[in-house]
Amino acid sequence: IPGKTIDHLIRSDRTVFKLTDKAQEAVNLLLSQNMNFVPVVDDQNKIAGIITKSSVAKSLSDIVWGSK
């Protein structure tokens, strides 16, 4: 986007999760709101990572069929 900075692209209204939140809450939000990812922050509110639909599917696959 010519002439635009990153701050024009980010959303500050997105729901974030803490490292200590229940995984089920994040998965429920991903599915109910048709989101592709949710950010996860640490105790200092710094990005620790993201949870994606793909990472959830991989975790469930590992549980059901075992990891490879």
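## Exercises on a predicted model

N34 is exposed, with 60% relative accessible area. The coordinates come from a predicted model.

**Exercise 1. Place N34 in the chain and state which residues it contacts.**

Solution. 
- Step 1: find the element. N34 belongs to the loop that connects α1 (23-32) with β2 (37-41).
- Step 2: classify the surface. Exposed means over 50% relative accessible area. N34 has 60%, so it counts as exposed.
- Step 3: list the contacts. With neighbours within four places in sequence left aside, N34 is in contact with L29 and K53.
- Step 4: check the backbone. Just after α1, N34 has a positive phi of about 50°. This is a positive value in a residue other than glycine.
- Step 5: compare sequence and space. N34 and A57 are separated by 23 residues in sequence, and their C-alpha atoms are 15 Å apart.

**Exercise 2. Which residues of α1 are buried, and against which elements do they pack?**

Solution. 
- Step 1: pick out the buried residues. In α1 they are A26, L29 and L30.
- Step 2: look down the helix axis. The buried residues of α1 fall within an arc of 100°, so they line one face of the helix.
- Step 3: recall the helix geometry. An α-helix has 3.6 residues a turn, so residues three or four places apart point the same way.
- Step 4: turn to the other side of α1. Q24, L31 and S32 are exposed there.
- Step 5: name the packing partners. The buried residues of α1 pack against β1 (17-18), β2, β3 (47-52) and α2 (53-65).
- Step 6: α1 lies across β1, β2 and β3 and runs at about 150° to β2.

**Exercise 3. Work out the strand order of the sheet and say why one side of β1 and of β3 is left without a neighbour.**

Solution. 
- Step 1: write the order. The sheet is open, has three strands in the order β1-β2-β3, and its pairing is mixed.
- Step 2: find the edges. β1 and β3 each have a single partner strand and stand at the edges, so one side of each has no neighbour in the sheet.
- Step 3: take the pair β1 and β2. These strands run parallel and are joined by two bridges. K18 stands opposite V41 in β2.
- Step 4: take the pair β2 and β3. These strands run antiparallel and are joined by five bridges.

**Exercise 4. Describe the turn between β2 and β3.**

Solution. 
- Step 1: β2 and β3 form a hairpin, with five residues between the strands.
- Step 2: locate N45. This residue lies in the loop between β2 and β3.
- Step 3: Phi of N45 is near 60°, a positive value in a residue other than glycine.
- Step 4: classify its surface. N45 has a relative accessible area of 52%, so it is exposed.

**Exercise 5. Is I50 buried or exposed, and which residues does it touch?**

Solution. 
- Step 1: find the element. I50 is in strand β3.
- Step 2: apply the cut-off. The relative accessibility of I50 is 51%, so I50 counts as exposed.
- Step 3: list the contacts. Not counting residues up to four places away in sequence, I50 touches F37, V38, P39 and V40.
- Step 4: I50 and P39 are 11 residues apart in sequence, and 4.3 Å apart from C-alpha to C-alpha.

**Exercise 6. What sits over the ring of F37, and how many aromatic pairs are there?**

Solution. 
- Step 1: look above the ring. The charged end of R14 sits over the ring of F37, 4.3 Å from its centre.
- Step 2: count ring pairs. Ring centres must lie within 6.5 Å to pair, and the count comes to zero aromatic pairs.

**Exercise 7. Where is P2, and how far is P2 from V41?**

Solution. 
- Step 1: find the segment. P2 is in the segment before β1.
- Step 2: classify its surface. P2 has a relative accessible area of 82%, so it is exposed.
- Step 3: compare sequence and space. P2 and V41 are 39 residues apart in sequence and 30 Å apart in space, C-alpha to C-alpha.

Key
Residues numbered from 1 in each chain as written. Predicted model: local features only at pLDDT ≥ 70, side-chain atom pairs only at ≥ 80, totals over all residues. Heavy atoms only, no water. Helix = DSSP H or I, 4+ residues; strand = E, 2+ residues; numbered from the N terminus. Buried < 20%, exposed > 50% of the residue type's maximum accessible area, 1.4 Å probe, protein only. Contact = heavy atoms within 4.5 Å. Arc of directions from axis to C-beta. Pairing = 2+ DSSP bridges. Axes fitted to C-alpha atoms, helices over the stretch in contact; angles between N-to-C directions. Phe/Tyr/Trp six-rings, centres within 6.5 Å; stacked < 30°, edge-to-face > 60°. Lys NZ or Arg CZ within 6 Å of the ring centre and 35° of its normal.
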